[in-house]
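Please keep the sequence and the coordinates at hand while reading.

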Amino acid sequence: MKQADSITPEVALTLPGLLCERVMRTPHSQAYGFYDDETRCWESLTWQQVAHGAAGIQAALRSERLGMGERVAVMLRNCPEWIMFDMAALGMGLVTVPLYTNDRPENVAYIVENAGIKVILVQNQRQWRQLSQITSIHEALQCVVSVAPLTHAEDDDTRLVHLHDWLDGDAHGRYQSVSQESEELATIVYTSGTTGRPKGVMLSHKNILSNAYAALQCAEFVEQDVFLSFLPLSHALERTAGCFMPMMANMTVCFARSIQQLAQDLQEVCPTVFVSVPRIYEMIYAKILSQVAQQSSLRKRVFTWTQQIGWRRFEHKTGKAGWHWSLLAWPLLNYLVAAKISRRLGGRLRFAIVGGAALDKTITRFFISLGIPLYQGYGMTESSPVISVGRPDANDPFSIGKALPGIETRLGEGGELYTRSDCVMLGYYNDLQATEQVIDAEGWLHTGDIVHISDEGYLYITGRIKDIIVLANAEKVSPQDMETAICTDPLFEQVMILGEGRAFLSALVVLNETQWGILAEDLGLESQAQESLRNSAVHKHVLRCLAKCLREFPGYAQVRRACMYLEPWTIENGLLTPTLKIRRTQLVRQFAEDIDAMYASLAV
């Protein structure tokens, strides 16, 4: 396989400079793959075609008479138009503001107003209709472009235009990149914000190029590598690692269709690289376990043996354990079990990257033991975003890896991780006070995460400063670690641990619909009846399951009371952020009566 032909930040200088260099070097290489709903098959675009599409959008943007540094927004699901619009704007010296398609209209309206967005590219008319109900959004916007065709009978807003009508139509235009400095502002990425309003993270061309190039140095990527782009491009991790990094190294990116079609996309695209947040790996894990539970006793034992020997094989390969005779059984167990699971993930994965939050140790070990090359990473939007990652020659799967080349790390007060590099943001947009709170006078970014650094340089997250729960007896627990452990049980879809200032811990849990149906039937209850969730036998069973998940935690870190629900917490109902993190403040507010009842009804 041909080694990746990487473009350095020094050669690219800016993000549009990166595209120009890529087109010059490999104009006819496949850049992107996407599923065409009309032809019902996968289509592809070359780098030259991407640049040509971006040139057409530049012509349309010129008609809006925008000055350098003005902001435009993109609110699409992952697709070629997302990339073309972004590159078109960047090439004109505009600042791109990515928006989540499933974010709440109020949140989007705030960002549009705060950033002073002049042009926004949306998926369809329905999206704009929801946003247009927010009064404040009318003041700044001068043009709204819809990728999907319009039904004019429903909307007479003159700013709303279909993409094809907006484009200039000049088929001979060339992609242009105005002269810019690498330190200039390229994009404002608003953090999803589990509490309060989102903050606009200002990232320069140099920030993103430096981060993408540093990530490339962590493994041997090849030009035949194929990324399955699943995380939204509005997520900093996907935009840097799943867009600009492949552009640097001439690798192909295929856009997944949806969560519902992810399993099918994995098998059709057969990616070699897959980057996602823990939640997706948790879902795959739960589905496999649910299927294994329905197998015969013999097949269950074979599955267990595969995991045990697969883990021993991993430890032997990484030098953590010697050879053992049981490893002779791996080829057979791989054929019977592991290879089948690998094929369900496309069969070609070389890098399965986990980012956004820590993956539970049980799930990590599960995938590693089945031969899935899993690597955990860590970062934050404010660092463009990757700070550390595991790599083939240095992978402790229970750590968040080692710092990327060129990225400094050290421990501050209370074990908080500080980082300093060319990847650290310029600051928060129009918020100097917030910027000074996280970046000190020496340029160190204060991450807010409590970390242990081993002698070998591996980073291990041990807690988060703001998310620590302090019980009434002064004992401290990390709710996120507990929640991650609990979600390894297929019964639990979502969970939130409570207990700040209380005598004991409690939990709000959303049950898996299928597993709940099985449990209700076993207990002789009607699964559709709301009162069944409050049955004492259900409560006792749930507490036993919670205790089993938390058996490795200290005695005080145990859940004594729980409230069960079936309706999921979603972005639409305001209980999840667009990056799938739970909104703790909103959950506490919405379920205040249930929470008070838990503590009123159980004295400890």
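Helix 16, formed by residues 479-486, is mostly covered, since six of its eight residues are buried. Helices here are DSSP runs of H or I with at least four residues, strands are runs of E with at least two, and both are numbered from the N terminus. Buried denotes a relative accessible area under 20%, exposed one over 50%, and partly exposed one in between, with a 1.4 Å probe and protein chains only. The buried residues of helix 16 are Pro479, Met482, Glu483, Thr484, Ala485 and Ile486.

The model is predicted: local features need pLDDT of at least 70, side-chain atom pairs count only at pLDDT 80 or more, and totals for chains, interfaces and linings use all residues. Residues are numbered from 1 along each chain as its sequence is written, and side-chain values use heavy atoms, with hydrogens and water left out.

Two helix pairs may be considered next. Helix 2 (residues 15-25) packs against helix 3 (residues 47-62) at an angle of about 135°, and their axes lie 9 Å apart. Helix 2 is therefore oblique to helix 3. Axes are lines fitted to C-alpha atoms, for helices over the stretch in contact, and angles run from 0 to 180 degrees between N-to-C directions. Angles under 35 degrees count as roughly parallel, over 145 as roughly antiparallel, 65 to 115 as roughly perpendicular, and the rest as oblique. On the side of helix 2, Leu19, Arg22 and Val23 meet Trp47, Gln48 and Ala51 of helix 3, where contact means heavy atoms within 4.5 Å. By class, this contact of helix 2 with helix 3 has four nonpolar residues, one polar and one charged. Ala, Val, Leu, Ile, Met, Phe, Trp, Tyr, Cys and Pro count as nonpolar, Asp, Glu, Lys and Arg as charged, and the others, Gly among them, as polar.

Helix 11 (residues 278-292) and helix 14 pack at about 70°, with their axes 11 Å apart. Helix 11 is therefore roughly perpendicular to helix 14. The crossing of helix 11 with helix 14 is left-handed. Helix 11 contributes Tyr281, Glu282, Ile284, Tyr285, Ile288 and Leu289 to the contact, and helix 14 contributes Thr362, Ile363, Phe366 and Phe367. The residues of this contact between helix 11 and helix 14 comprise eight nonpolar, one polar and one charged.

Helix 14 (residues 361-369) also holds Thr364. Why does Thr364 count as buried? Its relative accessibility is 1%. The side chain of Thr364 forms a polar contact of 3.3 Å with that of Gln376. A polar contact is a pair of N or O atoms within 3.5 Å; within protein, one must be able to donate a hydrogen and the other to accept it, and residues adjacent in sequence count only if both atoms are side-chain atoms. Leaving aside residues up to four places away in sequence, Thr364 touches Leu359, Leu374, Gln376, Pro397 and Phe398.

Ser234 lies in the loop between strand 10 (226-229) and helix 9 (236-249). Ser234 counts as buried because its relative accessible area is 5%. Beyond residues up to four places away in sequence, Ser234 touches Trp82, Pro98, Leu99, Tyr100 and Val189.

Technical notes. Left-handed = near helix turned anticlockwise from the far one by under 90°.
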